[in-house]
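Open your viewer and get your selection tool ready.

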Amino acid sequence: MSSFRRDKKEEEDSGASVFQNLDKTTLLQESRYFNSTPVNPRKCIHILTKIIYLLNQGEKLTTQEATDMFFATTKLFQSKDVMLRRLVYLCIKELSSMAQDVIIVTSSLTKDMTGKEDLYRAAAIRALCSITDSSMLQAIERYMKQAIVDKNPAVSSAALVSALHLSATVPDLVRRWVNDAQEAIMSDNIMVSYHALAVVAGARKNDRLSTVKLVTKLARSPLRSPYALCLLVRHAAKLAEEDQSEASEPYLEFIESCLRHKSEIVVYEAAHAIVNLRKSARDLAQAVSVLQIFCGSSKATLRLAGARTLAQLTSKHPNAVAVCAVDLENLISDPNRSVATLAVTTLLATGAESSIDRLMKQISSFMSEISDEFKIVVVRAIRRLCSKYPRKHQSLASFLAGMLREEGGVQYKTAIADTIIALVEENPDAKETGLAHLCEFIEDCEHTSLAVRILHILGREGPKARQPSRYIRYIYNRVILESGPVRAAAVSAVARFGASREELLPNIRVLLSRCQLDDDDEVRDRAIFYSAILDSNDRQLIEDYIINVSVPNPVLLEKALSDHIAIQPDEPFNISTIPTTEEQNESEDVPLQVEISNQPVVSREELYSEQLKIVPGIEKLGPIFKTCEPIDLTEPETEYRVRCVKHIFTRHLILQFECLNTLNDQILEKVHIRLDPAPGYVILGEVACEKLPYDKQGSVFCVLKFPTNPIETLGTFGATLEFVVRDCDSTTGLPDAGEGYADTYPLEEVEIGCADQFRTRAPTDEWESSWERGATAAEACDTFGLSQNDVNEAAIAVCKHLGLPKAAIGGDAIKEIRGGGLWREGTPMLVRARLVSGQGAVTMQLTVRSPREDIATLLLAAVG
């Protein structure tokens, strides 16, 4: 017995696997055994398992190899072994996307699908739907409709899940099965009911009225499946979110009734839906009490769900979560560290300032035991604390610095660095402490991107410190010890010290002269460039090229340069017209999230640049200056939905009308927009949408030229949608015979405002000096009486009207708005507004400075 245990332990330690060292060539040889007669089912199962394992490990087969293996597998249909047959179906599904002529196995699968062996039928349906193309599906449609309402739940569920997958490729065909799926919703089997509801709701997702009817009907029906009820709660919450009127009350009542359901899944889904609604639910306390009960549950999953949802609620309703403080305190010692982390971060967000130090000690006791994802959750909670309790910056910064010294991935380290940077930027008292911690971190930072970012912050914030010279040593050490990109960033940071602090300039010149001998071209070029600018002693030059450098969007810059070289290579290129890389001006309070998203940030201009290529001669208009947010020109429930996107160029305007046809029995053809332009605008052309089928978005582009006088650019456009209607089959989408008839649809007016033609920004620390230097430029000033009674509301409205971010607002009793921007033709401007409230009205004095008087006057005209 002891020797058996030793052998067993040795086997476990070796970690040997029967699937190790698999080779596709060997497997191809082994698969030839399938041609034998008779076959050994046990041996075939082993070979098929190895094939599926190899494919799931990412092994790539050539088309010929996959085809050979596929047809060898089909020989196994002669075996009656149940386990072997089910593996054959699985293998056919895996190989069907790589092999050729897979359609030949359709007859065998159809035979199994309609046979009497239930164990074969469900798997055969899945395999058949994965290999059959849209043209062949018509032949098996009758069998699929029968399978959906089959008495065997496995068969019915397989057919419904296959229909869900097919809805992505042949949605019109799946819509014909909705009546059968609707019947299956009331099935006693919980999975069949769930899958049936998913098919029906998916088929109606673009028809709001049908979705409303479905949810309203099922909300009154006693659904037995908790999974189907969860899905129904999600659809009800979506409808309530889209409709902010009193018509959404029945949905809220249904969701609240689910809080009293016997199934824990349904109760949690209802509580989660109420917590995440944008509009405040009437009975938030009831949802919180349910989550509070979950926090005291014996099940770890319920404790995690309760703690996590309460953590998300803290950003919107911290007072509602405060009543759960005792239950959350008990979770701090929970054996599941994920639950403990969420409990502590929620307490940090809702607790008093006096409890922070105690909670931080409790966090530090288990920080080493949790994953990076949950550590990032803790860091985000601390970031909110830094803003909420600025006096606690010393202890919070020390805790973050300790976390920086621990092991962790780049996302974790970046989250900590972002928090310290936010602390430095938002709290003047924490600047010295935060910068000192960042300086220590870059001494051992192994992530190039993070080191470059921190050096940029040191270069921007270091010169404003009381003793800026103390940071230069840390920065220059990077020039000596680090890689090329980090050395280049260090040179830029050092140059900013010389540009901002004249007393340090002699030493900075020496350091830059040493950097001119560097091995890296980029480092040498930067050192020579910055030395030349600093030696010029031209403050405007230093301001524009060292201190306040705007970074153009690299994707749009590359496109603009390509177009410029192709069309007018001899003309000078104006880089100021390229949209800059936007930074987040306002840090919005986001709910706690456990998942870390890696979605790349894409600007609106980049997003639409591909769509604009359809406009002939667009490269002659020059680089795009700005793309505005889409504006709805129709109501959400109308049969045709249209929204307008304004693309601003230096002297031209492109209006993109995004059109959506929501009627499944109509196809729109020759869709175009009849514009009634404002005076002074010239329509240069239009790109119509030739065909607009059901639920497929199409765009119409109108190209216009701006008036020469900037004041005349302010105005509204009348717009009418014109098209030819052709009736079609609502299931197949095929148009009826005939030419159709012409029709029109009135749209809301399109307004071209001042904010559309400027790229604005919040004030920087050097704004005051820029304002003083602009004293010699043209100035326009006027006083306005505003319609708002509250000075805060008035300030926000003025910022929105001028396109300025909310960060431009300052002051308490007397609000001051400061900012700057760039006109579409490259002319800069600075704006200052003072707002004061008195006798129930708000008065504003607006002053604008710009090299062009007509641009300064334009801003006043826009407000007037």
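Which side chain does the side chain of D854 meet in a polar contact? Select R852: a polar contact of 2.9 Å joins its side chain to that of D854. (A polar contact is a pair of N or O atoms within 3.5 Å; within protein, one must be able to donate a hydrogen and the other to accept it, and residues adjacent in sequence count only if both atoms are side-chain atoms.)

Before moving on, note that this is a predicted model, in which local features need pLDDT of at least 70 and side-chain atom pairs count only at pLDDT 80 or more, while totals for chains, interfaces and linings use all residues. Residues are numbered from 1 along each chain as its sequence is written, and side-chain values use heavy atoms, with hydrogens and water left out.

Stay with D854, which is found in helix α37 (residues 853–863). Helices here are DSSP runs (H or I, at least four residues), numbered from the N terminus. D854 is partly exposed because its relative accessible area is 28%, and partly exposed covers the range between buried (under 20%) and exposed (over 50%), using a 1.4 Å probe and protein chains only.

Next, select T211 in helix α13 (residues 208–219). T211 has a relative accessible area of 12%, so it counts as buried. Its side chain reaches the backbone oxygen of R204 at 2.8 Å.

Now look for empty space. Rolling a probe the size of a water molecule over the atoms shows where empty space is left. The structure holds 1 cavity of 30 Å³ or more, and the largest cavity has a volume of about 140 Å³. To find it, select K559, G622, P623, I624 and F649, the closest to its centre of the 15 residues that line it. Helix α33 gives the largest share of this lining, 4 residues.

Then go to the second largest pocket, with about 520 Å³ of space. Of its 26 lining residues, P171, D172, R175, Y694 and D695 lie nearest the centre. Elements that give two or more residues to this lining are α9 (153–166), α10 (171–175) and α12.

On a 1 Å grid over the protein atoms alone, a cavity is a set of points where a 1.4 Å probe fits but cannot get out; a pocket is an open set with protein on both sides within 12 Å along at least five of seven lines, and lining residues have an atom within 4 Å of a point. Grid points are joined across faces, edges and corners, and a volume is the space filled by probe spheres set on the points.

For a last stop, select I190, found in helix α12 (residues 190–203).
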